[in-house]
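Try each task before you read its solution.

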Amino acid sequence: MEQLVSAGEFDAVLDLTTTELADELVGGTASAGPGRLKAASRRMIPQLIAPGAVDMVNFGPPSSVPAEFKERQFYSHTPFTTLMRTTVSENERIGRLTAERLSQAKAPALVLWPVKGVSDYDRDGGIFRNPEADRAWFDAVRRHLPRSIIARELDCHINDPEFAEAAASWIVEQLTPGDSSVADV
């Protein structure tokens, strides 16, 4: 995605899944590299960022998980994908990195945080449900973002229609200047 944004293929970015940052910082297999969350800011296009799946780090089969993590919480997503729950301190680091990269934005930018969970496994009763770890991400983002970038929380889950409607409405508003018929998030 970053390459397509850099090539001018997008007018705005609605980035709901930033899990690659967890992999970049913790050592998982799905890192998108150090360029993640930078292209939209460089291109000066609107962007909305959400913490989709920052509650997990991706590994291959269970045998591929580094020994240093053996005491952590895991979920076997498929026989070839093992997910590890991020901790409070990891989520704080991921939030800080998100804010640092997003702070370069010159166009409108918004961070949306879903209070009730950031992945399907992070729902009430879900194996990865950890509101304290999730909150660490959002608190770090708010602490490190410049005042020009808004961070809002929504009392819903990231997969709820309310979250999708809020995110889509904001992006549409950015792409239709002067249209006051689109509701604010």
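This is a predicted model: local features need pLDDT of at least 70, side-chain atom pairs count only at pLDDT 80 or more; totals for chains, interfaces and linings use all residues.

Residues are numbered from 1 along each chain as its sequence is written, and side-chain values use heavy atoms, with hydrogens and water left out.

**Exercise 1.** Find helix α4 and work out what covers its buried residues.

*Solution.* 
- Start with the extent: α4 covers residues 88-102. Helices here are DSSP runs of H or I with at least four residues, strands are E runs of at least two, and both are numbered from the N terminus.
- Next, check the length: its 15 residues reach 21 Å from first to last C-alpha, close to the 21 Å expected, where the expected span is 1.5 Å times one less than the number of residues.
- Then pick out the buried residues (under 20% relative accessible area, with exposed over 50% and partly exposed in between; 1.4 Å probe, protein chains only). Among them are Ile94, Leu97, Ala99 and Leu102.
- Finally, look around the helix: the cover includes α2 (20-26), α3 (39-43), β2 (47-52), β5 (81-85), β6 (109-114) and α5 (131-144).

**Exercise 2.** Which residues in the largest nonpolar core touch the most other members?

*Solution.* 
- A nonpolar core is a set of buried Ala, Val, Leu, Ile, Met, Phe, Trp, Tyr and Cys residues joined through side-chain atoms within 4.5 Å.
- The largest one has 25 residues, and Leu102, Val111, Trp137 and Leu145 touch the most other members.
- Now sort by element: α2, β3 (56-59), α4, β6 and α5 give two or more residues each, and α4 gives the most, with four.
- Zoom in on Leu145: leaving aside neighbours within four places in sequence, Leu145 is in contact (heavy atoms within 4.5 Å) with Ala99, Leu102, Val111 and Ala151.
- A second, separate core of 13 residues includes Leu48, Leu110, Leu112 and Trp170.

**Exercise 3.** Is Asp122 buried or exposed?

*Solution.* 
- Locate Asp122 in the loop between β6 and α5.
- Read off its relative accessible area: the value is 0%, so Asp122 is buried.
- List its surroundings: beyond neighbours within four places in sequence, the contacts of Asp122 include Asp55, Arg85, Lys116, Arg129, Asp134 and His157.
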